[in-house]
Amino acid sequence: MASFYASKAALPTLFLSLCLLHMASATRRLAELVQDQSPPMLYHNGPLLSGKISVNLIWYGGFKPSQRTIVSDFVASLSSDSSVAQAPPSVSQWWKTVDKYYHLSSSKKQTPSLTLSLGRQVLDEGYSLGKSLTSKHLVELASRGEQRNAVNIVLTSSDVAVEGFCMSRCGSHGSAVGSSVGSGKVNGRRSKFAYIWVGNSEIQCPGQCAWPFHQPLYGPQSPPLVAPNGDVGVDGMVINLAGLLAGTATNPFSNGYYQGEAGASLEAASACTGIYANGAYPGYAGNLLVDEATGASYNAHGVNGRKYLVPALYDPSTSSCSTLV
């Protein structure tokens with residue numbers, strides 16, 4: 001009888017365990033189903049950025065020379081030139097995921113490959129347009145760079161307010177019709193040029209635009225990571241710049257590769273927001289490499305001994321987010 005009553009008492013526990021097991025299995029299947037139903041990265045038949053492209057940097061506001069070097073070294077690190085020494089995993093290796101979009105599009109139409117190189121740097125330390133900029137101002141600043149075979153990147157300092165900054169964006173990319181001087185014409189019309197803007201969020205919103213190097217403003221809280229170049233604002237800018245460069249290359253004129261609807265689309269990097277390494281989940285960047293000397297977290301080596309954190313990119317050949325580590 002004692003044995004009978006003991007077994008009877010254990011039945012509710014056994015039933016509960018079976019229910020939890022079933023729920024866990026159902027949750028896993030649901031997660032797999034949701035993952036399988038993520039929208040594909042579709043090609044919309046527009047041109048990709050191609051050929052030999054100069055990346056021009058337009059510095060607006062107060063930046064230290066050391067801050068400018070962090071960014072310019074990152075741009076130089078994008079080159080796959082074997083003479084540019086980078087230890088693995090490298091920034092140039094990370095950029096090879098972007099190359100896969102060109103292989104796919106070339107099967108549909110002739111698309112030359114893309115080669116990026118560091119171009120001119122323009123300094124505006126006098127805040128010629130003031131310290132509160134609109135989107136129109138960004139185009140005006142971007143127009144100061146070369147407009148043929150180039151991408152012009154506007155970088156605004158931490159004391160410059162930009163329309164939408166910290167509210168809906170940490171940076172952006174777009175295109176504009178070139179000026180009559182230096183832009184060239186296609187079929188009798190002035191051609192477009194691609195541009196990028198990225199702001200330094202160190203003062204205004206590091207929890208939004210410099211995570212994981214700053215405590216997040218919302219969501220799961222975790223200790224901030226040490227920035228690989230010792231500058232929370234500029235290391236955060238590199239993350240955003242890297243993602244926007246990938247989006248500019250594969251969707252420069254809003255009719256290249258993207259997920260979802262035009263105007264509210266996800267691109268090569270924004271489709272993988274918050275992922276930097278294997279094991280990432282909301283609030284956790286992933287299992288990153290750590291510099292033994294400084295304690296800084298990174299996932300890519302660059303030129304001149306630099307270390308960077310670059311975002312995961314959507315790999316069109318596997319339909320998944322790809323990381324270096």
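Modeller: Let us begin with a definition: a salt bridge is a side-chain nitrogen of Lys or Arg within 4 Å of a carboxyl oxygen of Asp or Glu. Side chains of opposite charge can pair when their charged atoms come close. Helices (H or I, at least four residues) and strands (E, at least two) are DSSP runs, numbered from the N terminus.

Colleague: On what kind of model do these values rest?

Modeller: This is a predicted model, in which local features need pLDDT of at least 70 and side-chain atom pairs count only at pLDDT 80 or more, while totals for chains, interfaces and linings use all residues. Residues are numbered from 1 along each chain as its sequence is written, and side-chain values use heavy atoms, with hydrogens and water left out.

Colleague: Are Arg306 and Asp73 buried or exposed?

Modeller: Buried means under 20% relative accessible area, exposed over 50%, and partly exposed in between (1.4 Å probe, protein chains only). Both Arg306 and Asp73 are buried.

Colleague: With which residue does Lys100 form a salt bridge?

Modeller: Lys100 pairs with Asp315, the closest N and O atoms being 2.7 Å apart. Lys100 belongs to helix H3 (residues 91-106) and Asp315 to strand E16 (residues 313-315), 215 residues apart. Lys100 is partly exposed, because its relative accessible area is 31%, whereas Asp315 counts as buried at 4%.

Colleague: How should I read the surroundings of Gln67, and which residues are in contact with it?

Modeller: Contact means heavy atoms within 4.5 Å. Leaving aside neighbours within four places in sequence, Gln67 is in contact with Trp59, Gly62, Asn200, Asp231 and Val234. Gln67 lies in helix H2 (residues 65-77) and counts as buried, because its relative accessibility is 8%.

Colleague: What joins the side chains of Gln67 and Asp231?

Modeller: A polar contact is a pair of N or O atoms within 3.5 Å; within protein, one must be able to donate a hydrogen and the other to accept it, and residues adjacent in sequence count only if both atoms are side-chain atoms. Such a contact, of 2.9 Å, joins these two side chains. At the start of helix H6, a side-chain oxygen of Asp231 also comes within 3.2 Å of the backbone nitrogen of Gly233.
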